[in-house]
Protein chains: 2
Amino acid sequence: MSKPTISDLARLAGVSKTTVSHAFSGRRHVDPETCRKIKELAREVGYRPNRSAQSLRTGRTGMIALASSMPFSIAAGPSRLGFFMEIAATAAVASLTRNQALCLIPPMEADGALDAIAMDGAILVEPYANDPMVDRFFNSGIPVVSIGRVPGRDDIPFVDLHSYATALMVLNHLRDAGASKVGLMTGTQRRNSYLETEAAYSASCENLGIPQILVRVDEAGGEDEAEQCCTALLRDHPDLDALYVPVDAFASGATKAAKSLHRNVPETLRLATRYDGSRAKLADPPLTAVDLHLDALAKLAVDLLIQTIDGQKGESPNSPMPRLVPRQSSGTS
Amino acid sequence: MSKPTISDLARLAGVSKTTVSHAFSGRRHVDPETCRKIKELAREVGYRPNRSAQSLRTGRTGMIALASSMPFSIAAGPSRLGFFMEIAATAAVASLTRNQALCLIPPMEADGALDAIAMDGAILVEPYANDPMVDRFFNSGIPVVSIGRVPGRDDIPFVDLHSYATALMVLNHLRDAGASKVGLMTGTQRRNSYLETEAAYSASCENLGIPQILVRVDEAGGEDEAEQCCTALLRDHPDLDALYVPVDAFASGATKAAKSLHRNVPETLRLATRYDGSRAKLADPPLTAVDLHLDALAKLAVDLLIQTIDGQKGESPNSPMPRLVPRQSSGTS
DNA sequence: AGATTTGTGCAAACCGATTTGCATGGTCGG
DNA sequence: CCGACCATGCAAATCGGTTTGCACAAATCT
């Protein structure tokens with residue numbers, strides 16, 4: 001008997017399958033003595049309930065997915081999925097302690113494989129407006145929560161990234177550091193973090209009565225595209241003395257552009273990015289960035305998703321506010 | 001009808017469940033016309049076979065696990081699971097393209113959650129001798145392959161890390177850089193990489209007719225423990241002029257120890273580590289390390305595991321040789 | 001023509017759990 | 001003493017697929 005089943009165990013214990021099931025689930029009272037005997041026997045013969053059978057009956061698989069909608073060109077490269085994987089690490093632990101397994105859906109080409117996975121729900125990392133991933137899950141009736149709000153979808157619970165506040169914080173920091181003309185470089189996709197960042201930038205400039213210099217880079221182009229855009233930007237606006245580039249891959253490109261134009265960072269150009277991954281830390285000079293508390297966000301997202309799965313129409317929780325990590329690139333460390 | 005089942009589809013198509021099943025699996029020939037009709041109808045009503053039901057019948061879940069047996073104290077910290085997560089990122093993609101999902105079992109306390117997961121097999125990252133994880137899977141009859149051989153277990157297929165060759169390469173590099181008395185710091189667990197490294201070190205010293213200076217640090221103590229051990233080591237052997245510290249967390253500790261003893265790296269003490277993660281890159285000075293080609297290893301491991309699951313008693317494949325990444329800490333960059 | 005093979009499809013058993021409805025015996029209050 | 005109630009446990013239905021054995025017709029072989 002390689003894998004004892006519930007029937008085997010029931011026979012051995014001299015009770016019915018029902019009783020064994022209840023002994024484990026506790027959904028109905030069973031005599032303590034009987035219960036003890038069953039559990040002991042179970043340990044003895046190494047009985048483990050078959051998850052597939054449980055799933056089939058209950059409709060719960062005990063599996064949640066973590067998915068990224070970032071294109072591969074951004075996710076790849078030196079920091080190799082840094083943002084995504086940093087979240088994954090914490091989310092995996094958080095899931096397991098809640099008796100769920102976490103499976104990974106990294107950015108990739110062949111997405112047909114996706115519906116091969118049976119999952120109870122999914123966490124989406126920074127989806128954008130009309131993100132096909134969102135529809136995909138939604139249409140399959142799979143509960144979704146996101147890290148970073150989904151633009152235009154108020155029905156999807158999310159863990160807030162506080163991108164508006166982050167942008168203000170960084171912009172103020174750059175100005176405090178002496179910058180007077182700050183530009184902004186975001187991406188062409190309609191991610192909520194871009195929208196909020198642009199809104200904050202706009203409000204901030206308006207407030208100070210200064211012109212806005214904004215450029216949007218195509219995510220698919222990755223670091224190289226950003227470098228080109230940045231080179232053009234710096235040519236067109238030689239008086240720019242600071243740049244906020246939230247996407248770390250773009251910030252790498254911006255750093256290169258600055259270097260090739262002989263604009264010293266931070267002396268003649270101050271730089272700041274958002275995600276404080278190895279790209280920011282290893283840049284030359286190291287980039288001022290923002291600690292988003294990704295581990296805390298990941299835990300919140302897992303809890304939120306589980307609530308949503310349980311039908312408690314999860315209320316988007318309060319997430320921790322980001323914290324500035326000043327480094328040489330803004331000239332203040 | 002929220003989720004159409006195979007019965008629904010069969011009724012709609014005017015055929016039996018059997019025919020529908022065969023139309024999709026192709027395990028038996030069905031009339032091309034019938035087949036087309038079924039598939040079209042399936043797309044129309046959004047039919048997806050229920051994975052739990054399939055799993056229950058076939059015994060295959062389409063899920064593989066990636067597990068680490070590193071204690072949390074090592075895995076945590078600045079590089080937050082770097083080694084493990086770097087493998088995870090590639091393995092996830094490799095799995096998905098082979099129609100398997102990858103779920104994560106990071107190092108954690110409560111390991112009871114582990115048997116909550118239904119999986120076809122597991123990849124173990126650098127297990128050690130008598131690793132409880134190995135037995136765990138093995139006893140459950142779950143196929144296992146490892147990245148880095150399992151000491152004392154020739155029955156478990158593995159992807160080789162070439163630790164012997166790596167050690168020779170690093171030791172030679174340190175000596176080429178001018179070091180004459182090179183020490184080695186490994187860990188107390190019996191990981192295969194330690195065993196091979198120590199063997200290479202031993203052979204190398206013997207070859208040159210010089211004494212061996214080896215210290216093993218308790219993994220559970222993490223970076224701090226390594227710092228203390230290293231401090232003691234440098235006191236006892238003031239003539240040491242180089243140190244190979246394969247575990248990156250320990251290398252961080254060694255760097256700190258050197259600093260507090262005012263031993264300049266690399267001038268009076270050359271350092272090298274193995275895993276080229278952010279710990280090595282961000283150290284001051286940056287540490288000479290080794291590119292293990294983790295992405296290639298991860299792919300190989302996934303393939304090997306799938307072969308093993310399919311009962312082809314996977315032959316441990318040839319894995320790429322590691323490559324040295326010289327940095328300031330060895331005084332050669 | 002009769003026997004054999006091939007193509008096509010169906011009914012029913014099966015995978016291993018959960019859950020519902022019912023049966024039994026014993027205790028208790030009135 | 002009887003009905004109500006509780007504690008305990010069982011048989012059977014169910015979840016949604018896959019697989020086996022068989023049936024029937026048409027084609028091919030002897």
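Okay, quick caveat before anything else: what you're looking at is a predicted model.

Let's start with the two copies. If you rotate by 180 degrees, with 0.1 Å of shift along the axis, chain B lands on chain A with an RMSD of 0.2 Å. The two copies are therefore related as by a two-fold rotation axis. And which C-alpha of chain B is nearest that axis? It belongs to Cys103(B), and it's 2.0 Å away from the axis. Both copies use the same surface, by the way: 100% of the contact residues of chain B turn up again in chain A.

Now, zoom in on chain A. Helix α2(A), residues 17-25, packs on helix α3(A), residues 32-45, at an angle of about 90 degrees, and their axes are 10 Å apart. We call anything from 65 to 115 degrees roughly perpendicular, so α2(A) is roughly perpendicular to α3(A). Who's touching whom? From α2(A) you get Thr19(A), Val20(A), Ala23(A) and Phe24(A), and from α3(A) you get Thr34(A), Cys35(A), Ile38(A), Lys39(A) and Ala42(A). Sort that contact by class and you have 6 nonpolar, 2 polar and 1 charged residues.

How many disulfides does the structure hold? Over all chains, 0. Take Cys205(B): the nearest cysteine sulfur is that of Cys230(B), 17 Å away. Cys205(B) also counts as buried, because its relative accessibility is 1% and the cut-off is under 20%. For Cys229(B), the nearest cysteine sulfur is again that of Cys230(B), at 8.5 Å, and Cys229(B) is in no disulfide.

Technical notes: Residues are numbered from 1 along each chain as its sequence is written. Chains are lettered from A and ligands numbered from 1 in the order in which they are written. This is a predicted model: local features need pLDDT of at least 70, side-chain atom pairs count only at pLDDT 80 or more; totals for chains, interfaces and linings use all residues. Side-chain values use heavy atoms; hydrogens and water are left out. Axes are lines fitted to C-alpha atoms, for helices over the stretch in contact, and angles run from 0 to 180 degrees between N-to-C directions. Helices (H or I, at least four residues) and strands (E, at least two) are DSSP runs, numbered from the N terminus. Angles under 35 degrees count as roughly parallel, over 145 as roughly antiparallel, 65 to 115 as roughly perpendicular and the rest as oblique. Contact means heavy atoms within 4.5 Å. Ala, Val, Leu, Ile, Met, Phe, Trp, Tyr, Cys and Pro count as nonpolar, Asp, Glu, Lys and Arg as charged, and the others, Gly among them, as polar. A disulfide is a pair of cysteine sulfur atoms within 2.5 Å. Buried means under 20% relative accessible area, exposed over 50%, partly exposed in between (1.4 Å probe, protein chains only). Copies are superposed by least squares on the C-alpha atoms of residues with pLDDT of at least 70 in both.
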